Amino acid sequence: MTGKITALDLASGELSEPTKAYFAKCEEKLGLVPNVLRAYAFDDKKLRAFTDMYNDLMLGESGLSKLEREMIAVAVSSINHCYYCLTAHGAAVRQLSGDPLLGEMMVMNFRAADLSPKQTAMLEFAVKVTQEPARIVEADRAALRQAGFSDRDIWDIASTAAFFNMSNRVAAAIDMRPNDEYHAMAR
């Protein structure tokens, strides 16, 4: 599989000018174009849908910090054993927190990390969205409110967890591989 981004043989489609500009911005800011974007590049419309949702959830207005959103990505991906997302978003947790140890604990088991009660409540809810969404009841939302989250924050926690559940499943199904550069980031 060396050198391949996924196990599928999908030729990259013709990239639109906005997509070319987006890839250039990734290269400039990150020093790479994430393989998840390259994986979607066979269909510009699917790529735009994915990146629009991702950017809204992870970079848009929210009561959740960028680090908290990355923590959700890692907690969900840990439950789902998503190699791509654990590698990429584990690197983001290390980078945003400035703590390589936190990034590793989050990847292995967020409960081993020294998190605030508010962060723990957030991640426990994200795990429940991942493992047993049909069992979420008002008491679960009430616990988040008690921890200090607004109803909008609860929407963002649920949406972020749901997005990464979808993304993890696609990544696993097509054997998506992370960029090698992620392994060395923020260590």
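Colleague: Is the crossing of helix 7 and helix 9 left-handed or right-handed?

Modeller: This is a predicted model, in which local features need pLDDT of at least 70 and side-chain atom pairs count only at pLDDT 80 or more, while totals for chains, interfaces and linings use all residues. Residues are numbered from 1 along each chain as its sequence is written, and side-chain values use heavy atoms, with hydrogens and water left out. Helices here are DSSP runs (H or I, at least four residues) numbered from the N terminus, and a crossing is left-handed if the near helix is turned anticlockwise from the far one by less than a right angle, and right-handed if clockwise. On that convention, the crossing of helix 7 and helix 9 is right-handed.

Colleague: How many charged residues does the contact of helix 7 with helix 9 have?

Modeller: Contact means heavy atoms within 4.5 Å, and it is made by Met-122, Phe-125, Ala-126, Val-129 and Thr-130 of helix 7 together with Ile-154, Ile-157, Ala-158, Ala-161, Ala-162, Asn-165 and Arg-169 of helix 9. Ala, Val, Leu, Ile, Met, Phe, Trp, Tyr, Cys and Pro count as nonpolar, Asp, Glu, Lys and Arg as charged, and the others, Gly among them, as polar. By these classes the contact of helix 7 with helix 9 has 9 nonpolar and 2 polar residues, and the number of charged ones is 1.

Colleague: At what angle do helix 3 and helix 9 pack, and how far apart are their axes?

Modeller: Helix 3 (residues 44-59) passes helix 9 in a left-handed crossing, and the contact includes Phe-50, Met-53 and Tyr-54 of helix 3 and, from helix 9, residues including Phe-163 and Phe-164. The residues of this contact divide into 7 nonpolar, 3 polar and no charged. Helix 3 and helix 9 pack at an angle of about 145°, with their axes separated by 10 Å.

Colleague: How are helix 4 and helix 5 oriented to each other?

Modeller: Helix 4 passes helix 5 in a left-handed crossing, and the residues that meet include Lys-66, Leu-67 and Glu-70 in helix 4 and Cys-85, Leu-86 and His-89 in helix 5. By class, this contact of helix 4 with helix 5 has 9 nonpolar, 5 polar and 2 charged residues. The axes of helix 4 and helix 5 are 9 Å apart, at an angle of about 150°. The orientation of helix 4 and helix 5 is therefore roughly antiparallel.

Colleague: Which residues of the largest nonpolar core touch the most other members?

Modeller: A nonpolar core is a set of buried Ala, Val, Leu, Ile, Met, Phe, Trp, Tyr and Cys residues joined through side-chain atoms within 4.5 Å, where buried means under 20% relative accessible area, exposed over 50% and partly exposed in between (1.4 Å probe, protein chains only). In soluble globular proteins, nonpolar side chains tend to be buried together. Of the 53 residues in the largest core here, those touching the most other members are Leu-37, Ile-72, Tyr-84, Met-106 and Leu-123.

Colleague: Is Thr-87 buried or exposed?

Modeller: Thr-87 is found in helix 5 (residues 83-97), and, not counting residues up to four places away in sequence, Thr-87 touches Pro-178, Tyr-182 and His-183. Its relative accessibility is 10%, so Thr-87 counts as buried.

Colleague: What is the value of phi of His-81?

Modeller: His-81 has its place in the loop between helix 4 (66-80) and helix 5, and at 66% relative accessibility His-81 counts as exposed. Most residues other than glycine have a negative phi. Phi of His-81 is a positive value in a residue other than glycine, near 55°.

How values were computed:
Helices (H or I, at least four residues) and strands (E, at least two) are DSSP runs, numbered from the N terminus. Axes are lines fitted to C-alpha atoms, for helices over the stretch in contact, and angles run from 0 to 180 degrees between N-to-C directions. Angles under 35 degrees count as roughly parallel, over 145 as roughly antiparallel, 65 to 115 as roughly perpendicular and the rest as oblique.
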